[in-house]
Amino acid sequence: MIGANIQKINQEIGSNVRLIAVSKTKPVEALLEAYQAGQKLFGENKVQELVVKYESLPKDIEWHFIGHLQSNKIKYIAPIVSLIHSVDSLKLLQTINKEGQKINRIIPCLLQIFIASEETKFGLNQNELCVIIEEWKKGNLANIEMKGLMGMASNVNDTNQIEKEFTILKILYDETKAKYFSDIDSFNELSMGMSGDYAIAIKAGSTLVRVGSSIFGSR
Ligand SMILES: *Cc1c(COP(=O)(O)O)cnc(C)c1O
């Protein structure tokens, strides 16, 4: 089932978008099944769980951290994470930078933008985004690679609202790229779309979709 789900989703999303299999709460056996079907990108939202799965699975897997990240836990994922999607404060980014310095690694990060109507979701506003990028531009965050932006739409049935939120994020991404990264090719990822809304996200310009339950079943 898991392999067939991955194949089906890959056909839908096309070759310009990458699929992250969100495997949080799922056992290692389920991830191995996905891996054997060719899946190499996995997303986790808990540090401890990511580390345990990293240790027990093949080393050519790319691990993406997609959850709310606590500063004191960064050190555990700093050496092994391929991309942190969920940077939601300057303070957090400064700590990631410090952990990167300690192990002499440049850590790829996305800045998470608040686009939903729900207060429960994390993320930066436009002003906070500018402050962080200007800090990075000054050279004070040399162990951070700025890869792009991430966002989560509201958990609603209204597809117009979801489309609107993703479009706002895409416009912000384009503006940010033009203003700060026109000469920096590595700023090229827009992480948006989950099981319920990845088709809408891709239409709006997503490059990375984070899909869990449509691959592994409900949690
Ligand atoms: C759990 C989670 C997903 C995947 O959600 P599904 O609805 O199961 O596809 C995507 N992004 C984040 C940040 C998540 O926490």
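1. A salt bridge is a side-chain nitrogen of Lys or Arg within 4 Å of a carboxyl oxygen of Asp or Glu. Glu-12 forms such a bridge with Lys-8, with 3.2 Å between the closest N and O atoms. The structure holds nine salt bridges.

2. The model is predicted: local features need pLDDT of at least 70, side-chain atom pairs count only at pLDDT 80 or more, and totals for chains, interfaces and linings use all residues. Residues are numbered from 1 along each chain as its sequence is written, and side-chain values use heavy atoms, with hydrogens and water left out.

3. Both Glu-12 and Lys-8 belong to helix H1 (residues 2-13), a helix being a DSSP run (H or I) of at least four residues, numbered from the N terminus. Four residues, about one turn of the helix, separate Glu-12 and Lys-8.

4. The residues surrounding the ligand (a heavy atom within 4 Å) include Val-22, Ile-66, Met-152 and Arg-219.

5. A polar side-chain atom of Lys-24 lies 2.7 Å from a ligand oxygen atom. A polar backbone atom of Gly-212 is 2.8 Å from an oxygen atom of the ligand, and for a polar backbone atom of Ser-213 the distance to a ligand oxygen atom is 2.8 Å.

Note on methods: Polar contact = N/O pair within 3.5 Å; in protein donor to acceptor, adjacent residues only side chain to side chain. Helix = DSSP H or I, 4+ residues; strand = E, 2+ residues; numbered from the N terminus.
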